[in-house]
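Please look over the sequence and the model shown here before reading on. The briefing is meant to be read side by side with them.

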Amino acid sequence: MFCVQCGKEIDNSSRFCPYCGSSVDKADTSGVEVGMPDVAKDTSFADIGVSAGLPADGRTPKKWMILAGVAACIAIIGAAAFLGLKLLQKPGEAVKKETVEEQGQKESSKKTKTAETEKKAYPEEIALNGDVKEEVTDLLDLLCRVDGMNEGGQLSNNTAIDDSFVSSFLMCTLSENVPFVNGQTVPERNHEWTVSTKVIDQYLKDSVGCEDYDLDPDWAAYSGSNVIFKAVTPTGGYGADTSKIERVEQISDDEIRISGSNELIPDTQGEPYLAEFEVILEENPDSIWGGYTLKEIKNWKRMESRKQNQSQSQTQDANAGVSDGDYILPGINSRYYTENELSGLDAHTLSLARNELYARHGYIFKKPELKEYFEDKSWYTPQVTEVPDSAFNQYEKANLELIQNLEARY
């Protein structure tokens, strides 16, 4: 049963409630709800509610009401803490912090801009590394071959990179066996070169920045998606020595200016000359020329050959006071001999005439008979162990070839 005063469960045999000490009336305990007083008792409704600690309506408080009250208390405490911190913060402290951060960003931005400005201080002299320098030199040599076509002097200041120039460049590319097809030269079959137009267009675009070219019908023709070229080497022009790079300047983020020169020697007739040039190259990772593409031929001049001046000076010094009778072929360095003129010479005399040409350039002979023969000549001054072909002028080259052809008949 339950105590009508405090509402707690007690033993049925109890006469007094062990919790509140109230007297228990056993006769009136039936039908009383748990925690509810017997309204039949002589106790007022208000007294029952207060003494039991329950709501006035007699119902137990719900849990959600308790949780809502706790949440409200937490929210009030949090709001009070936030307001307290704001009141404690010094005026202008947040603004000052933002200002410092902004100043740091501005200083960093200023340093970056300064670095970029210093980096872009052009022109700046630079040096090309080994592989790049070698490949760029090959491009310059090829340009000199274009300049030396026909009678030489094909290039000049501000030469346009147009279809005419590109056609000559392509012709020299093939004749000089440039490996532009996947790193390989174009194989010759039946005295012809066959190249895909797609490969040609890409090569020209990466080399000279232009894909337009004219095909000389006497030299090339289209065949489907290919071009078939006659495998011939241009004759009557000039061969180029190795180009000498004298100065390289970075003139923009992706452009360089190269100044240099090259000695051009005639293949048959003509006078050697010096090509002095200044070209602009643009970076292009797809180019086979050290990662550069020809952008502009700024300057290109035909000058008097240094080697020609040196050779003529040496020859004049060597020939001073020497009579024609001291030479087998007195005019070997100044005119072209004909086969009829030399047909009466025997094999031994032709051999001496050939070696005489080298003796004029100071070659030191190893064979005792030749050494003894030329040491008796007043004009002979032994001083070098090798005479390159580039040391000969056009007359000497042509006469040497004639002598060798006549010697081959014996």
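Predicted model: local features only at pLDDT ≥ 70, side-chain atom pairs only at ≥ 80, totals over all residues.

Residues are numbered from 1 along each chain as its sequence is written, and side-chain values use heavy atoms, with hydrogens and water left out. Helices (H or I, at least four residues) and strands (E, at least two) are DSSP runs, numbered from the N terminus.

**Backbone geometry in loops**

- Tyr 122 and Pro 123 are joined by a cis peptide bond with omega of about 0°, and Pro 123 belongs to the loop that runs between α3 (93–119) and β1 (124–125).
- Asn 182, a residue other than glycine, has a positive phi near 50°, and is found in the loop between α5 (163–175) and β2 (188–189).
- With a relative accessible area of 76%, Asn 182 is exposed, where exposed means over 50% relative accessible area, buried under 20% and partly exposed in between (1.4 Å probe, protein chains only).
- His 191 is likewise not a glycine and has a positive phi of about 60°; the loop that holds His 191 lies between β2 and β3 (192–196), and at 62% relative accessible area His 191 is exposed.

**Packing of α5 with α6**

- Helix α6 (residues 197–208) packs with α5 at an angle of about 110°, their axes being 11 Å apart; axes are lines fitted to C-alpha atoms, for helices over the stretch in contact, and angles run from 0 to 180 degrees between N-to-C directions.
- The two helices α5 and α6 are therefore roughly perpendicular to each other, a term for angles of 65 to 115 degrees, whereas under 35 counts as roughly parallel, over 145 as roughly antiparallel and the rest as oblique.
- By class, the contact of α5 with α6 has eight nonpolar, two polar and no charged residues, with Ala, Val, Leu, Ile, Met, Phe, Trp, Tyr, Cys and Pro counted as nonpolar, Asp, Glu, Lys and Arg as charged, and the others, Gly among them, as polar.
- Among the residues that meet are Phe 165 and Phe 169 in α5 and Ile 200 and Tyr 203 in α6, contact meaning heavy atoms within 4.5 Å.

**Surroundings of Ala 347**

- Ala 347 is placed in helix α9 (residues 347–360) and counts as partly exposed at 33% relative accessibility.
- Not counting residues up to four places away in sequence, Ala 347 touches Glu 407 and Tyr 410.
- Ala 347 and Ile 403 are 56 residues apart along the chain, and their C-alpha atoms are separated by 9.7 Å.
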